[in-house]
Amino acid sequence: MRIAIPLPLLLRFRQARYMPAEAWDWLRGRRNPLLPPRWLRFVGGGDFATVGERFLQHFQRLAKLQPDEDVLDVGCGVGRIALALTTYLKPPGKYSGFDIVPEGIRWCQRHITPQFPHFQFQHADIHNAAYNPRGTARAESFAFPYGDASFDFVFLASVFTHMLPGGMRRYLQEVRRVLRPDGKCLATFFVLNSESRRLMAGTGSQFHFGHDLGGCFTVSPNRPEAAIAYEEDRLRVQILEAGLNLNAFYPGGWCGRERAMDGQDIVLLSAAVLHCRYLRNSCALLVTANQLPDHRQ
Ligand SMILES: C[S@@+](CC[C@H](N)C(=O)[O-])C[C@H]1O[C@@H](n2cnc3c(N)ncnc32)[C@H](O)[C@@H]1O
């Protein structure tokens with residue numbers, strides 16, 4: 001998603017714009033109480049419910065998610081994927097989600113948790129120039145509000161695509177900390193490599209990461225977090241340094257790639273067994289010489 005103005009302001013515009021349509025739906029009894037109002041759907045394009053269902057399919061197919069597992073949704077937005085998961089996760093399985101946009105979390109707490117008490121949402125007041133410009137905490141030092149080894153599955157859908165390198169590094173470490181030893185993580189990225197760069201230069205690319213910020217690339221130097229891409233080699237090293245294994249890479253269609261699993265690149269991670277930092281760093285250097293495991297469609 002490309003955001004040109006800070007989200008709090010954008011939400012006010014969207015509220016004014018979509019209020020008549022929402023009121024009209026409500027008058028005709030067509031308002032679905034399990035969907036947020038249109039103005040609160042700030043989490044990207046496409047049909048809101050369909051995107052959530054597509055991610056649920058990725059979780060089942062790629063990460064073999066089971067209905068009784070403990071799931072963490074980092075950057076859960078306004079519950080787009082949580083809503084799809086309510087049809088699948090059953091107690092003792094449980095869902096936890098956190099996000100930095102208070103309006104989204106409030107909606108989830110009021111509309112999802114009362115019907116599905118095993119779904120819990122928390123707000124974290126972390127700074128992000130696009131989503132939470134007045135946030136007081138910093139992503140690069142933030143500790144996820146959960147204990148070690150609490151989750152079987154962690155996912156970040158279109159979150160690292162809005163995070164700068166310091167925050168990304170910290171979040172990968174936190175994912176490793178909260179994952180159980182046999183846990184998995186699915187995260188989406190914009191990955192820059194020779195193929196995506198070549199495609200990006202063509203006419204079919206939705207994004208042009210033309211601004212090098214030193215450690216990542218952005219579409220917009222004025223508001224870098226609007227969309228962030230990472231070099232493949234750098235990303236692989238960061239994943240290994242966080243103590244995670246890169247199990248699979250599914251290239252996305254964002255750069256105009258014709259056959260793709262989803263819009264963004266999907267990366268499947270697991271907790272690595274290497275605990276020695278020296279060994280891990282040596283492996284990171286070695287793996288840099290190889291390609292990402294690649295599962296093209
Ligand atoms: C494109 S939206 C995707 C939301 C959700 N994952 C989904 O797919 O519906 C990006 C989300 O990342 C959140 N975000 C950005 N920086 C974050 C951070 N440091 N920690 C947690 N969430 C963050 C934003 O608030 C926003 O809700």
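User: In what order do the seven strands of the open sheet lie?
Analyst: This is a predicted model, in which local features need pLDDT of at least 70 and side-chain atom pairs count only at pLDDT 80 or more, while totals for chains, interfaces and linings use all residues. Residues are numbered from 1 along each chain as its sequence is written. Strands (E, at least two residues) and helices (H or I, at least four) are DSSP runs numbered from the N terminus, and two strands pair if DSSP finds at least two bridges between them. With mixed pairing, the order is β3-β2-β1-β4-β5-β11-β10.

User: Which are the edge strands?
Analyst: An edge strand here pairs on one side only. From one strand of the sheet to the next, the twist averages 15 degrees. The edges are β3 (119-123) and β10 (244-250).

User: Which strands does helix α5 touch, and what angle does its direction make with that of β5?
Analyst: Contact requires C-beta atoms, placed from the backbone, within 7 Å. Axes are lines fitted to C-alpha atoms, for helices over the stretch in contact, and angles run from 0 to 180 degrees between N-to-C directions. Helix α5 (residues 165-178) packs on the sheet and touches β1 (70-74), β4, β5, β10 and β11 (265-271), and the angle with β5 is about 150 degrees.

User: Which residue in β5 stands opposite F153?
Analyst: Strands β4 (residues 151-156) and β5 (residues 179-189) run parallel and are joined by five bridges. The residue opposite F153 is K184.

User: What is the handedness of the β-α-β unit made by β1, α3 and β2?
Analyst: β1 and β2 run parallel, joined by five bridges, and D73 stands opposite G97 in β2. A crossover is right-handed if, with the strands pointing away from the viewer, the path from the first strand over the helix to the second runs clockwise. The unit of β1, α3 and β2 is right-handed.

User: Through which helix does the chain cross from β2 to β3?
Analyst: β2 and β3 pair in the parallel sense over five bridges, with F98 opposite Q122 in β3. This β-α-β crossover is right-handed, and its helix is α4 (residues 102-111).

User: How many of the six residues of β2 are buried?
Analyst: A residue is buried if 20 or more other C-beta atoms, placed from the backbone, lie within 10 Å of its own, exposed if 12 or fewer, and partly exposed in between. β2 is mostly covered, and the number buried is five.

User: Why does S158 count as buried?
Analyst: S158 lies in the loop between β4 and α5. Its phi is near 60 degrees, a positive value in a residue other than glycine. S158 counts as buried because its C-beta neighbours inside 10 Å number 23.

User: How many residues of the shell around the ligand are charged?
Analyst: The ligand is surrounded by 23 residues, the closest being V43, G75, G77, R80 and A157; a residue is near a molecule if its C-beta atom, placed from the backbone, lies within 6 Å of it. Ala, Val, Leu, Ile, Met, Phe, Trp, Tyr, Cys and Pro count as nonpolar, Asp, Glu, Lys and Arg as charged, and the others, Gly among them, as polar. The shell has 13 nonpolar residues and eight polar ones, and the charged residues number two.

Key:
Two residues are in contact if their C-beta atoms, placed from the backbone, lie within 7 Å.
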